[in-house]
Amino acid sequence: MARYVFGADVGGTTAKIGLLTETGEKLDFWEIPTRTENHGEMILTDVAEAIRDKMKERNIDDSEVIGAGVGVPGAVNVDGLCYQAVNLGWENYNVVNEFHSKLKLPVKAGNDANVAALGEAWKGGGQGYPNMLLVTLGTGVGGGIINEGKILTGAKGSGGEIGHIHLVDDEVDACGCGNHGCFEQYASATGAMRIAKRMLAASSEDSVLRNGDFECKDVFDAAKKGDALAVKIAEQYGYYLGKGIAITASVVNPEIIVLGGGVSKAGEMLFDLLMPSFKKYVFPGCASAKFALAKLGNDAGVYGAAKMMIQ
């Protein structure tokens, strides 16, 4: 009887791999380097070999394994076709077919942000809520939508790309996607820095942020300590964050909204910052959503990849 499941979260530098029980108990998590040379042709071979080695080490038979799920940094459709994963060197690459041919076990694949959302819904900040929105606040803004316990993939695997919701009409800087005024241009760590630098340039108000170089974390730390300009910057950041989440929530109607990524380390203050604009812009029928912080950190993708197989 199958008792084990593997999950893998493939990034541009390392692939995180986990061995779990079918109930989600963490047995072993480890990492291997991601070899991206020659269009990433060895990536899935390496992951498959790492899983096989672990099975041999623990004396696990094929019949005891449900399979292996994998999350990758690119859009993946329901058939496992990854249209493009720039950091891995893949283009029109069928992850499911390739991974299965190397591992010889049942496999599934998905976009890494969506898979991480499934992990948080299963064992993290959204546990117990079958309808969840994950908002990851890092270099960009990522998202994952869990609807009735399953990933909302979309026609071409681009479901949940909430970072590219349009928020501002007159933005002169281009987003990484090529558009202007995207959600992630204001609510990411990069966006917080953009807001801070613009407000510092437009004001002569004294602030600790003028004392040399600073990072996103410093903005929120200064705001927590009562630095008046830092508070204004944080409030402006919260305005955009709340508005972007309100637009998304009005479409997908989540029970809970989970914030993850580096910026989420600012903690509970983010909820206070975003709530005024969230309440202002959200559709009333979607306004009752709860908010929580992500709990699984860098392990979310591994848990989510494993959960894909169990489903």
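Please keep in mind that the model is predicted.

Let's start with the largest nonpolar core, which has 48 residues. Within this core, F220, Y237, I245 and I257 have the most contacts. Which elements build it? At least two residues each come from β8, β9, α5, α6, α7, α8, β11 and α9. The largest share is from α8, which gives ten residues. If you wonder why such residues gather, nonpolar side chains in soluble globular proteins tend to be buried together.

Now pick out I257 on your screen. Setting aside neighbours within four places in sequence, I257 is in contact with several residues, including L133, V135, I245 and F278.

Next, the strand β7, residues 107–111. Four of its five residues are buried, so β7 is largely enclosed by the rest of the structure. Its partner here is β4, residues 65–72: the two strands run parallel and are joined by five bridges. To find the pairing by eye, look for V72, which stands opposite N111 in β7.

Last stop, helix α7. Which residues of α7 are buried? They are C216, V219, F220, A222 and A223. These residues cover an arc of only 160 degrees around the axis, which puts them on the same side of α7. What do they pack against? The buried residues of α7 pack against α6, α8 and α9. Just after the helix, G226 takes a positive phi of about 95 degrees.

Terms used:
Residues are numbered from 1 along each chain as its sequence is written. This is a predicted model: local features need pLDDT of at least 70, side-chain atom pairs count only at pLDDT 80 or more; totals for chains, interfaces and linings use all residues. Side-chain values use heavy atoms; hydrogens and water are left out. A nonpolar core is a set of buried Ala, Val, Leu, Ile, Met, Phe, Trp, Tyr and Cys residues joined through side-chain atoms within 4.5 Å. Buried means under 20% relative accessible area, exposed over 50%, partly exposed in between (1.4 Å probe, protein chains only). Contact means heavy atoms within 4.5 Å. Two strands pair if DSSP finds at least two bridges between them. The arc is that of the directions from the helix axis to the C-beta atoms.
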